[in-house]
Amino acid sequence: MAWLLLVGWVMLSKNGRNNLTFTFDPKGEDLRSRLCQGLLTVLGRQVGPRCQSTCLETLRILSRDKRVLGPVGTREGMLVLAGLARLRGGAEGGDSLQREVQIEEKERVVVEALKCLCNVVFNSTAAQQVGADVQLARGLCARLHAARTGRHEVGLFSLRLLFLLSALRPDVRGALRRELCALGLLKEVLECTLDVRWVGPYEVAPLDPQALPIPAEDNERAMEALKALFNLTLSDTSDEDGDHQLRLITAIMRHLLMLKTQAEDKTEEAHSHAINLLSNLPVPCLDVLIDVPVQGGQEEYSGKNMDVVQVLLDFMEKRIDKGANFKEGLTPVLSLLTEGSRYHREIRRYIKTQVLPPLKEVKVRPEIGSTIRNKLVRLMTHVDMGVKQSAAEFLFVLCKENVDNLLKYAGYGNAAGLLVARGLLAGGRGETKYSDDEDSDTEEYKSAKPFINPITGHVEEPMPNPIEEMTEEQKEYEAQELVNMFDKLSRQQLIRPMGVRRDGSLAPLEEALRQPTTDSCSSDSD
């Protein structure tokens with residue numbers, strides 16, 4: 001053991017150099033595993049805070065290698081780290097932190113132990129199980145209850161560890177919801193971090209125009225709390241006082257979406273986490289977003305405050321303009337706006353005025369241009385199926401799930417994918433019931449409507465007729481060639497002729513043609 005500790009102390013002196021090391025030589029795997037065991041042995045003894053923090057710093061670097069975590073992922077190893085992080089003993093953990101962690105060295109021990117736990121839980125399935133068995137989540141909740149104004153890094157990594165446990169262990173997630181009341185706890189963390197002041201049942205005091213942006217540290221803690229809340233709201237949210245708690249969280253999300261941070265990219269990241277969380281909440285809770293008094297200079301529609309809806313639209317357009325990572329960056333906000341529009345009439349009508357204003361320009365294809373409508377129509381033919389469906393569904397809901405209205409704004413070619421999936425190729429409406437308010441067409445659209453190509457969705461310039469100068473024999477020859485080509489492709493099963501059933505769904509052509517015959521045979525003949 002003496003030589004191992006000697007090697008350990010040599011490595012400890014190199015911590016600064018290895019602080020950004022994330023890849024390790026497989027040849028030293030056995031030595032690193034034994035070093036982890038040796039460090040845990042030292043940490044289990046009564047040594048000074050400086051020695052503890054240095055050992056933990058080394059262990060944090062080693063814990064990035066999931067192949068050497070055998071000694072750390074045991075019950076004994078996890079209990080050593082939990083003790084150094086002041087997470088053992090349930091509710092007493094927070095009080096001991098307030099009493100003991102006053103000296104910088106002792107605070108550093110707690111922070112390094114929490115960082116180690118985050119790495120180990122993330123990289124080791126065995127450690128995840130042990131973390132659930134020794135109830136790390138209970139200690140973390142006690143910490144967050146008691147240490148509201150402690151050191152930033154202590155709160156930050158406590159929240160991060162809670163996020164990891166709730167993400168990786170469904171049983172821990174359930175216990176956090178049912179037994180530890182973590183939903184309300186994390187709401188209180190957000191209230192404290194974002195300086196929320198309530199002026200109504202679900203109304204946060206409006207922002208002071210002169211207020212400074214959210215400090216970077218507060219923003220970091222808020223994002224970790226949002227990620228943990230996202231995990232907790234993945235499952236059923238119908239507990240006894242769930243609706244009240246979720247509406248309070250919705251109001252806090254509205255407040256957060258109106259805030260700015262010290263850096264634009266951090267603001268966008270915070271808004272992204274808020275949108276992800278809102279997408280998990282029951283749709284009826286979204287009325288909290290617009291049921292806020294309208295004040296001077298704010299967006300108003302039908303008596304509702306649309307400030308936050310406009311923020312969501314701006315966020316969506318910014319993500320489209322980025323042109324990358326649509327699946328993770330764009331689909332959550334599209335889904336949120338779609339569901340909000342489907343179930344809240346005022347939200348749908350306001351968004352439609354911004355995205356699908358009355359048509360005037362019909363000489364350009366709907367996917368060409370720089371308006372939000374043009375950008376969304378382009379996404380309707382995106383290679384990613386999830387992105388394509390999300391964009392099409394959003395526009396379909398704005399059109400009150402009316403096929404004719406969707407074709408007017410997008411064209412049949414762009415909308416075909418959605419119509420096939422919904423069985424609406426023959427026209428009709430979706431299943432959702434909407435209000436009876438009528439869409440009004442502009443005079444420009446009405447005059448151009450007879451000349452619009454329904455496939456492309458715009459008025460096309462007249463094209464020369466390619467068969468005008470052909471003789472009848474040439475026309476007959478070309479027609480026969482076309483028939484032969486289709487027949488060959490069909491027999492080789494490279495293509496399969498399809499038709500539309502009377503219910504609007506696709507079927508093989510012979511089946512689609514046979515259906516009306518069957519119907520007519522069952523009817524009375526003259």
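Predicted model: local features only at pLDDT ≥ 70, side-chain atom pairs only at ≥ 80, totals over all residues.
Residues are numbered from 1 along each chain as its sequence is written, and side-chain values use heavy atoms, with hydrogens and water left out. Local features need pLDDT of at least 70 and side-chain atom pairs count only at pLDDT 80 or more, whereas totals for chains, interfaces and linings use all residues.

Helices (H or I, at least four residues) and strands (E, at least two) are DSSP runs, numbered from the N terminus. The axes of helix 16 (residues 307-322) and helix 19 (residues 345-355) come within 11 Å and cross at roughly 45 degrees; axes are lines fitted to C-alpha atoms, for helices over the stretch in contact, and angles run from 0 to 180 degrees between N-to-C directions. Helix 16 is therefore oblique to helix 19, where angles under 35 degrees count as roughly parallel, over 145 as roughly antiparallel, 65 to 115 as roughly perpendicular and the rest as oblique. The crossing of these two helices is right-handed, a crossing being left-handed if the near helix is turned anticlockwise from the far one by less than a right angle, and right-handed if clockwise. On the side of helix 16, Val309, Gln310 and Leu313 meet Ile347, Tyr350, Ile351, Gln354 and Val355 of helix 19, with contact meaning heavy atoms within 4.5 Å. The residues of this contact divide into 6 nonpolar, 2 polar and no charged; Ala, Val, Leu, Ile, Met, Phe, Trp, Tyr, Cys and Pro count as nonpolar, Asp, Glu, Lys and Arg as charged, and the others, Gly among them, as polar.

Valine 311 is also found in helix 16. Not counting residues up to four places away in sequence, valine 311 touches Leu257, Met258 and His271. The C-alpha atoms of valine 311 and methionine 258 are separated by 7.6 Å, although the two residues are 53 residues apart along the chain.

The axes of helix 18 and helix 21 (residues 385-398) come within 9 Å and cross at roughly 25 degrees, which means that helix 18 is roughly parallel to helix 21. This crossing is left-handed. Helix 18 contributes Thr331, Leu334, Leu337, Thr338, Ser341 and Arg342 to the contact, and helix 21 contributes Gly386, Val387, Ser390, Ala391, Glu393, Phe394, Val397 and Leu398. By class, 7 of these residues are nonpolar, 5 polar and 2 charged.

The structure holds 1 cavity of 30 Å³ or more. On a 1 Å grid over the protein atoms alone, a cavity is a set of points where a 1.4 Å probe fits but cannot get out, and a pocket is an open set with protein on both sides within 12 Å along at least five of seven lines; lining residues have an atom within 4 Å of a point. The largest cavity has a volume of about 60 Å³, a volume being the space filled by probe spheres set on grid points joined across faces, edges and corners. Its lining consists of Leu286, Leu289, Val309, Leu312, Leu336, Leu337, Gly340 and Ile347. Helix 16 and helix 18 (331-343) are the elements that give two or more residues to this lining, and helix 18 gives the most, with 3 residues.

The largest pocket holds about 750 Å³ of space. Of its 31 lining residues, Pro206, Leu207, Asp208, His255 and Leu259 lie nearest the centre. Helix 14 (242-257) and strand 2 (203-204) each supply at least two residues of the lining.
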